[in-house]
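I opened this notebook to keep track of what I looked up in the model, element by element. The entries follow the order in which I went through it.

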Amino acid sequence: MALIELRDVRRVYDLGEVEVHALRTVTLDIQRGEYVALIGPSGSGKSTLMNTLGCLDRPSHGSYRLDGDEIVTMSRDQRAKIRNKQLGFVFQNFNLLNRTSAIENVELPLLYSTGISSRERRMRAKEMLTKVGLGDRLYHHSSQLSGGQQQRVAIARALVNYPAILMADEPTGNLDSKTSREVIALFQELNQERQITVILVTHDPAVAKNARRMIVLRDGSVAVDTSDFQLAMEEMNRETELGDDEEIASQVVTQATAEIQPAAVPNPPGNEA
């Protein structure tokens, strides 16, 4: 059984006078341990597909099974629990709490998990920050970290619940080329050594090239699903009619991100042993 199974998935946004068909009959499987890049021109549906896979949005039609569980029929709260258990998210803008240390930012998802003591939260956060090379920056705040270091904190936060899937939306969009290479190398290491399934959205061919599988979307459908980088780029560079998917999908992410990363944390965990 595949980790992810999509069957005849469609997503239609009703804007009143017009309907936007952001996804049109998408059927695909993603196996455990794959490294997949979702690419395509603006309006192609890649952001909507990422939102769907990340349980941030629900299809209008079809079936989405994640590790055997049907997502389409789940309530909002049920999908939130699935996200916290199975998925780790990395966003382009980091989404760190500015007045909170790196280790407190990484602990944050564990506050919503039952049965985890403050000692274990601190231990796991320290473990993940050390894993991403920030063992000497545990108590630095965001303003004291470079862009690359902030993204590493975000990656550590995404990993702290030991998710099966790491989802990244333009993870190198705000980074310079050197730092981008370091972040992508970290994704590759996590995929190869820990067998974490990596799914990322990117406009950058240099980032997409590192994936072992590229899914090119066009007009809400899968145009090409391949391991051949050249074939993917040829399809990617074909002219297309721009749609409204990117703007709508961005709004979905903005709303759902509030559920994943609250704007403030009352009584953030301290340095208790």
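**Entry 1: helix H5**

I began with burial in helix H5 and found Gly148, Gln149, Gln150, Gln151, Arg152, Val153, Ala154, Ile155, Ala156, Arg157, Ala158 and Leu159 buried, where buried means under 20% relative accessible area, exposed over 50% and partly exposed in between, with a 1.4 Å probe and protein chains only. I note that this is a predicted model, in which local features need pLDDT of at least 70, side-chain atom pairs count only at pLDDT 80 or more, and totals for chains, interfaces and linings use all residues. Residues are numbered from 1 along each chain as its sequence is written, and side-chain values use heavy atoms, with hydrogens and water left out. Helices (H or I, at least four residues) and strands (E, at least two) are DSSP runs, numbered from the N terminus.

Because twelve of the 13 residues of H5 are buried, I record this helix as largely enclosed by the rest of the structure. I then looked up what the buried residues of H5 pack against, and the list is strand E6 (87-91), helix H3 (102-107), helix H4 (118-131), strand E7 (165-169) and helix H6 (177-194), with contact taken as heavy atoms within 4.5 Å. For its length, H5 (residues 147-159) reaches 19 Å from first C-alpha to last, close to the 18 Å expected; the expected span is 1.5 Å times one less than the number of residues.

**Entry 2: the sheet**

In what order do the four strands of the open sheet come? I read E2-E1-E4-E5, with antiparallel pairing, two strands being paired if DSSP finds at least two bridges between them. Strand E2 (19-30) and strand E5 (69-70) are the edges, each pairing on one side only. Between strand E4 (residues 61-66) and E5 I found two bridges, and leucine 66 stands opposite aspartate 69 in E5.

**Entry 3: helix H8**

In helix H8 (residues 229-236), I listed Phe229, Ala232, Met233, Glu235 and Met236 as buried. They lie on the same side of H8, because they cover an arc of only 160° around the axis, the arc being that of the directions from the helix axis to the C-beta atoms. Their cover includes strand E3 (35-39), helix H7 (205-208), strand E9 (213-218) and strand E10 (221-226). At the start of H8, I noted a side-chain oxygen of aspartate 228 within 3.0 Å of the backbone nitrogen of glutamine 230.

**Entry 4: salt bridges**

I counted a salt bridge wherever a side-chain nitrogen of Lys or Arg comes within 4 Å of a carboxyl oxygen of Asp or Glu, and the count comes to 15. One of them joins arginine 7 to aspartate 29, with the closest N and O atoms 2.7 Å apart; since arginine 7 lies in strand E1 (residues 4-14) and aspartate 29 in strand E2, the pair ties together parts that are 22 residues apart in sequence. Arginine 7 is partly exposed at 36%, and aspartate 29 is partly exposed at 27%.

Which residue does arginine 213 bridge to? I found glutamate 34, with the closest N and O atoms 3.0 Å apart. Arginine 213 is in strand E9 and glutamate 34 in the loop between E2 and E3, so this pair ties together parts 179 residues apart in sequence. Arginine 213 counts as buried at 12% relative accessibility, and glutamate 34 is buried at 19%.

Methods. A polar contact is a pair of N or O atoms within 3.5 Å; within protein, one must be able to donate a hydrogen and the other to accept it, and residues adjacent in sequence count only if both atoms are side-chain atoms.
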